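Trainee: Could you help me learn to read cavities and helix packing in a protein model?
Mentor: Gladly, let us look together.

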Number of protein chains: 2
Amino acid sequence: MPIEDSTPQFGKYDLIAELAKCFPIDNASTVVGIGDDASVIDTDGNQTVTSTKVFVEDLHFDLTYVPLKHLGYKVVTVAITDILGMNAIPTQVTVNVAVSNRFDLKAVNELLAGMESCCETAHVDVVGLDLSTSRKELIITVTAIGECEPSRLATRKGASENELVCVSGDFAAAYAGLLLLEREKKVFEVNPSAQPDFTGMDYLLRRQLKPEPRLDIVEALRREDVQPTAMTAIPDGIAAAIMQICRASEKGCALFEEKLPLTELAFTTLKDLDIVHTVAALNGGDDYELMFTIRQADYEKIKNVENVSIIGYIKDREAGYKLITGDNVQVDIQAQGFKRA
Amino acid sequence: MPIEDSTPQFGKYDLIAELAKCFPIDNASTVVGIGDDASVIDTDGNQTVTSTKVFVEDLHFDLTYVPLKHLGYKVVTVAITDILGMNAIPTQVTVNVAVSNRFDLKAVNELLAGMESCCETAHVDVVGLDLSTSRKELIITVTAIGECEPSRLATRKGASENELVCVSGDFAAAYAGLLLLEREKKVFEVNPSAQPDFTGMDYLLRRQLKPEPRLDIVEALRREDVQPTAMTAIPDGIAAAIMQICRASEKGCALFEEKLPLTELAFTTLKDLDIVHTVAALNGGDDYELMFTIRQADYEKIKNVENVSIIGYIKDREAGYKLITGDNVQVDIQAQGFKRA
C-alpha cells in the first residue's frame, strides 16, 4: 500500500498519528511531541521549539519558474512559520543542502542569499550549514528553532466552544499565483519563444514565490496581551488548519464563507481561471498564514491587531466542521490530504 | 563548477566556511553557529544543542544490503553522535521521511522501529515526525537535540599544545564491513543464487550496519570529572576529525600509528582485502566514535574510562598534522574530503 494512498482524506495526519504510537515519550523535558506544528522542549526557563522541513525538487518546488533566491527565502519562511504557529519567536535555523553537479557554486550562493534575506527579515540566525551531494534533485532541509515563555505557548489543542477563529492575512492568492506560473510553463513548453505576461499579477506571484513570515502577528498578540487558546500554521489551506485545531481540541466549528479574507485580485484571477475562490481559500495551500482561537473577551483587543480576520467560531464536537455559505447553506469542510507532498 | 570538485581535498569544509560568511550571527542566544558538530543556543539555564542530518538512498545507504530496521537505528546514531561530539547529552530527535510508492506501510514501520530502538538505547524521545512523498529515493532527515551545562560544552576549538588526543572505541571495522557487503553485492549481481558467507564477520557488519551511540563516553567524562578541551564526532575517519580540531584550535598534532585502536578482526580482514589498515582507520569513515583532547593533568582520570585510547598529542601549528609510523617515520595526515557524501 503506497503511503499517499493510505486513506482518501486527511491520510497523512492519520498515518503520522498511527506511526507515532511506536515512539513513547520518556524525557521529562519533552513538553510537546509528535502531532503539532513543532516540538517543544523545556529548558528550565523558556521553552525551546523546533521543527524540521524537507523540500525536494519537483515535489515541493519547480525550478523552471522558481528563482533560487526566492526559493531560499520561501523555505525559511515555511520552516519558521511552524515556530510562529506555536506562538513562539523563531531565533535560529539550521540548513542542509544536497546538490547534484547540475548546480554550481553561484547557484548555491543564490539559494543561501535568499535564506539569509528571510533570516534578516525575521531576525533569525543561521547556526548550522551542511552540504551533501544528491543524485539529481536539489534537496533542502531547514530546521527552525524558537523560544517561548511557557505561558505564551499555543498548541493545536485548547480551543473551547464559542471561542473565535482568527486568521492572519489573506488566502488563495498564492494558489492563484501557482496556477498562473503553471499555465505559463505549459505555454513555454509548447512555444519556447513565448514571453510570460504577468502584468498586474505581482502580488499573486509574490505570495507564491516569496511568502513572508508572520512574525508581526505573534508580536502583536504579545503586545495586545492576547493569549490564543489554540494555534496553528496554515501551510495547506484553511480547511486542514481548522480541522487540526478541532481534532486536537475535540471540538467542531462553523466558518463563514463571506468572512474568508481574499484580495480582489485573487478573487478576479481565480474567476478568470474558472476556480471557485472559496475552494482555493480552503484548500489551495501555500499561504503560510496563522490560525488561532481566542476567547470572546479578547475580541476588543484583537480588533487592534492589523491583518487579522475573524472567520468563525468553535462549536461542540457533534457540530462537525461546517462552512456557512453566502446564501446561508451549511456545507461540510473537507481537507485534501497532502497533495504537493 | 560542481560542488564536489571545488577543491581536491577537504573541500566540503572549506566550502561551508566560505558559504557561511553570508550568514552573520545576530541573536544573543546563539552560542555556537556554523562550523562545528552542532549548533548551541543559550536558554538561560542549560544550553540547547542541535544538529540535522540528511540521508539519501544510494548516496548514504544502499537498500540492497541494508535492512530498514538497521537503517533506522543507524540514522539516529549518526544524528545524536553530533550532539555527543559537543560533550552534550542527546534528549530528543525529530524525524522526516520522504518515501516513494516503492515503500509500503510495513517498510516505514520497520524503519521507525529501528529509530525507536536506538532512541531507547540512548534515552532519547522522538518528538517530531513528518512524512512526505519522494519521486524515487528514500530520504530520511533526523534532527537531534541535546542539552549541556555551559561548563561541560566542548567544541572543536580549545585544544592546547601538549594536550593528549583521545578517541573512543576502535576504527576501520565499519569500513571493513562495508567492503565485505559491497563485495557480496557484486557476487550477487553476477550470480543471484549465491549466498553471502559472513561467518565470523558479525562484528564488522554490526559496526557498519548498526553503530552504537557513544553515550557511555560522555557520561564517563562527567563521572570522572574530565572536561575535554576540544571535542568532535568521528563520522569520516580519524584524519578528518583531528584536522577539524587542529584547524579550529589553530594547532598541529602528532598521532602514533601504533596507538590507533583496531580490532584483530578488522586488521586481518583488511589485510585479506589488500587494504592498508592505517589508511582505513584514518580515512575509512562510518565509525561514529568520539575524539577529544585533555590536559595532561587528566591522564590519571582518563585511565579509568573504558574504551578510550590516547593516540597522540597536540603540537604547535607549524608542526602540521603528522602521523608517526611504526618505524618512526613522520608522514602527513590528509583528509579525504567527502566521499559517500
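Mentor: We start with a general idea: a cavity is a set of grid points where a 1.4 Å probe fits but cannot get out, and a volume is the space filled by probe spheres set on those points. In this structure, which is a predicted model, the second largest cavity has a volume of about 30 Å³.

Trainee: How many cavities of 30 Å³ or more does the structure hold?
Mentor: There are two of them. The largest cavity contains about 40 Å³ of space.

Trainee: Which residues line the second largest cavity?
Mentor: Its lining consists of A:Tyr13, A:Ala233, A:Ile234, A:Pro235, A:Asp236, A:Gly237, A:Ala240, A:Ala241 and A:Gln244. Strand 8 (230-234) and helix 7 (238-249) of chain A each give at least two residues to this lining. The largest share, three residues, belongs to helix 7 of chain A. Sorted by class, the lining of the second largest cavity has six nonpolar residues, two polar and one charged.

Trainee: And which residues line the largest cavity?
Mentor: Here you will find names from chains A and B: A:Ser134, A:Arg135, A:Lys136, A:Glu137, A:Ile139, B:Val56, B:Glu137 and B:Ile139. The classes in the lining of the largest cavity are three nonpolar, one polar and four charged.

Trainee: Now to the helices. How do I read the angle of a pair?
Mentor: An angle of 65 to 115 degrees counts as roughly perpendicular.

Trainee: Which residues of helix 4 of chain B meet helix 5 of chain B?
Mentor: On the helix 4 side of chain B they are B:Ala173, B:Ala174, B:Tyr175, B:Ala176, B:Gly177, B:Leu178, B:Leu180 and B:Leu181. Their partners in helix 5 of chain B include B:Tyr203, B:Leu204 and B:Arg207. This contact of helix 4 with helix 5 of chain B divides into eleven nonpolar residues, two polar and one charged.

Trainee: At what angle do helix 2 and helix 3 of chain B pack?
Mentor: Helix 2 (residues 68-84) and helix 3 (residues 105-122) of chain B pack at about 45°, and their axes are 7 Å apart. That is why helix 2 of chain B and helix 3 of chain B are oblique to each other. Their crossing is right-handed. Among the residues of helix 2 of chain B that meet helix 3 of chain B are B:Leu68, B:Val75 and B:Ile80. The contact of helix 2 with helix 3 of chain B has 13 nonpolar, five polar and two charged residues.

Trainee: Is the crossing of helix 4 and helix 8 of chain A left-handed or right-handed?
Mentor: That crossing is left-handed. Helix 4 (residues 173-190) and helix 8 (residues 264-272) of chain A pack at an angle of about 40°, with axes 9 Å apart. Helix 4 of chain A and helix 8 of chain A are therefore oblique to each other. A:Ala173, A:Tyr175, A:Ala176, A:Leu179 and A:Leu180 in helix 4 of chain A meet A:Ala266, A:Thr269 and A:Leu270 in helix 8 of chain A. By class, this contact of helix 4 with helix 8 of chain A holds seven nonpolar residues, one polar and no charged.

Notes. Residues numbered from 1 in each chain as written. Chains lettered and ligands numbered in written order. Predicted model: local features only at pLDDT ≥ 70, side-chain atom pairs only at ≥ 80, totals over all residues. Heavy atoms only, no water. Axes fitted to C-alpha atoms, helices over the stretch in contact; angles between N-to-C directions. Helix = DSSP H or I, 4+ residues; strand = E, 2+ residues; numbered from the N terminus. Parallel < 35°, antiparallel > 145°, perpendicular 65-115°, else oblique. Left-handed = near helix turned anticlockwise from the far one by under 90°. Contact = heavy atoms within 4.5 Å. Nonpolar A, V, L, I, M, F, W, Y, C, P; charged D, E, K, R; others polar. 1 Å grid on protein atoms, 1.4 Å probe; cavity = no way out; pocket = protein on both sides within 12 Å on 5 of 7 lines; lining within 4 Å.
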